[in-house]
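This report is meant for a reader who is meeting the structure for the first time. Please keep the sequence and the model in view while reading.

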Amino acid sequence: MTTTDIHAPLVHAPIAALIVDAAGVVAFGNAAAASLLAEPDAEALRNSLFFMWFAEDDAETLRQMFEVFFKVSMETRGTWSRQMVLHGADGSRPTVTMTLAPVAGEEGDRAVVYLRNMTREITAERRFTQMFESMPLGVVVVDGKGRIAQANAMLAVQFGWKVEQMIGQPIDMLLPERYRARHGEQISGYAAAPKSRLMGGDRDVTALHRHGREFPVEIALTKFESSAQPLYMAIVSDISHRKRSERALQQTNAQLEEFTYVASHDLRSPLRGIADLVSWIREDLEGTELPEDVVHNFDRIAQRIERSEQMIDDLLAYARAGVRDSRMHRIDPHELVEEALELTAIPEGFEVDVDVQGGDIVAPRAPLSTSLRNLLSNAVKHHGGKEGHIRIAVREEGRFTVFTVEDDGQGIPPGNEDRIFKLFHRASPGTDGDGVGLAFTRRMINAHGGMVTVQGRGPLGGARFEVHWPRILLRENEDDD
């Protein structure tokens, strides 16, 4: 084989390649090698000593390896690889994988050296390791046999083990006993059709702490890319605090609803009794000419009884507002705004601007429609004037549709932005109502994964309310575990 035949496949190769003799003298180098070694061109590599591009200790190791490599016969030479640090002519220090291989067709006095720059891979691996270790969630990598291949510090904290104690152990060690029988089948099923998903389905998932206690978790699964073997990564979130909060909220809602129903029954009966007594007294006095102030007081009693009954109804509505409506509808926001305007008593002196942008929403219609009507009614009720300007806008923002209701009225005094959402707080003392409307609205919006905020003085001069309603529902459950 001629020298040209040897060089030809290497000249334009994308990987750095050198042809060297037993003493390490370079007979040929390609353009990729010149670039890696920071030499001006491939010709500058000729007759250079290969070992000069390495630190002294590495250079001595290479000389010994070359000696062993060239001593054996051509037929018994194998390919040899090692990861080392190059010392480039420009001061660079790339980490490379160096592979020494025989040159086919030669008499055996030369070999080819391939140099692969590993800097990017090492940097990426280092960054992944840093991210893996600094994750605020537990992360575990499992091999195809269900053994723990890698785990981060947070997972160790969550389960009470040291990282080194978990490596190589079956993942079953992190599972309660009752789950282990089926877990092997589940791993095989997931390996056959891996996809990123949440575990759990329609049930809670629990994990096993080292000391035997179980705690609720949320687990996200994904396939972990690896050329050596199939690996799978699980991100484990300890949701104990969230579960406690959910249980506390459920208990609070249940207690509130129970209290409201009891209170409504206990209050409504005496109110009805008072109303009946007033009615009977007026019947007994029928035909008697009563002083004007007495008649006026009778009317005031009737009004206050009516207001008290309305307050009881509002309390019941407030209690029910904390329950999520599961009936989903595809809603056109244009139609929703038009419907809200039709059902709200907007005085003739008010001008209403509408700016709706964005597509349909999949959401429960009743609570969204009710919230919008309440805010419109609130804008009129607390405006402070007989004429005014109201603006309704709809836009999409991330996974939310944002509804804005603002006016040019008297606004909200500084420091009262949160107080107006409190139960029985009346924003304008001179207006009708018992101060439940905004509390009811916020409770209903929050129950459906949204939020409502207020700006005391908006662009129009009055109050500006914004409702962020989920346009894209987050899927918390999957069909299989």
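Is arginine 282 buried, partly exposed or exposed? The model shown here is a predicted one, and in it arginine 282 is partly exposed, because its relative accessible area is 36%.

**Salt bridges**

Arginine 282 forms a salt bridge with aspartate 299, and the closest N and O atoms of the two are 3.4 Å apart. Since aspartate 299 lies in helix α9 (residues 292-320) and arginine 282 in helix α8 (residues 240-284), the pair ties together parts that are 17 residues apart in sequence. Aspartate 299 also counts as partly exposed, because its relative accessibility is 34%.

In total, the count for the model comes to 17 salt bridges.

| Salt bridge | N to O distance |
|---|---|
| Glutamate 67 and lysine 71 | 3.5 Å |
| Aspartate 299 and arginine 282 | 3.4 Å |
| Arginine 365 and glutamate 339 | 3.2 Å |

An α-helix has 3.6 residues a turn, so residues three or four places apart point the same way. Glutamate 67 is partly exposed at 45% relative accessibility, whereas lysine 71, at 65%, counts as exposed.

Elsewhere, salt bridges with shared partners join Asp355, Arg391, Arg395, Glu397, Glu406, Arg464 and Glu466 into one network.

**A charged patch on the surface**

Helix α10, which spans residues 333-343, also holds glutamate 342. This glutamate 342 counts as exposed, because its relative accessibility is 67%, and together with Glu335, Glu338 and Asp360 it forms a negative surface patch.

Strand β9 (residues 205-208) runs antiparallel to strand β10 (residues 214-224), and four bridges join the two. The bridge partner of valine 205 in β10 is valine 217. In a regular strand the side chains alternate between the two faces of the sheet. In β9, Val205 and Ala207 point one way while Thr206 and Leu208 point the other way, and all of these residues are buried. The hairpin of β9 and β10 has five residues between its strands, and within this hairpin glycine 212 takes a positive phi near 95°.

**An enclosed helix**

Which residues of α12 are buried? They are Leu438, Ala439, Phe440, Thr441, Arg443, Met444, Ile445 and Ala447. Helix α12 covers residues 437-447, and because eight of its 11 residues are buried, the helix is largely enclosed by the rest of the structure. After α12 comes glycine 449, whose phi is positive, near 85°.

Note on methods
Residues are numbered from 1 along each chain as its sequence is written. This is a predicted model: local features need pLDDT of at least 70, side-chain atom pairs count only at pLDDT 80 or more; totals for chains, interfaces and linings use all residues. Side-chain values use heavy atoms; hydrogens and water are left out. Patches are made of residues with over 30% relative accessible area and no salt bridge: like charges are joined within 9 Å, nonpolar side chains (Val, Leu, Ile, Met, Phe, Trp, Tyr) within 5 Å. Accessible areas come from the Shrake-Rupley method with a 1.4 Å probe; for residues, only the protein chains shown count as cover. A salt bridge is a side-chain nitrogen of Lys or Arg within 4 Å of a carboxyl oxygen of Asp or Glu. Lys and Arg count as positive and Asp and Glu as negative; His and the chain ends are not counted. The place of a charge is taken as NZ of Lys, CZ of Arg, CG of Asp or CD of Glu. Buried means under 20% relative accessible area, exposed over 50%, partly exposed in between (1.4 Å probe, protein chains only). Two strands pair if DSSP finds at least two bridges between them.
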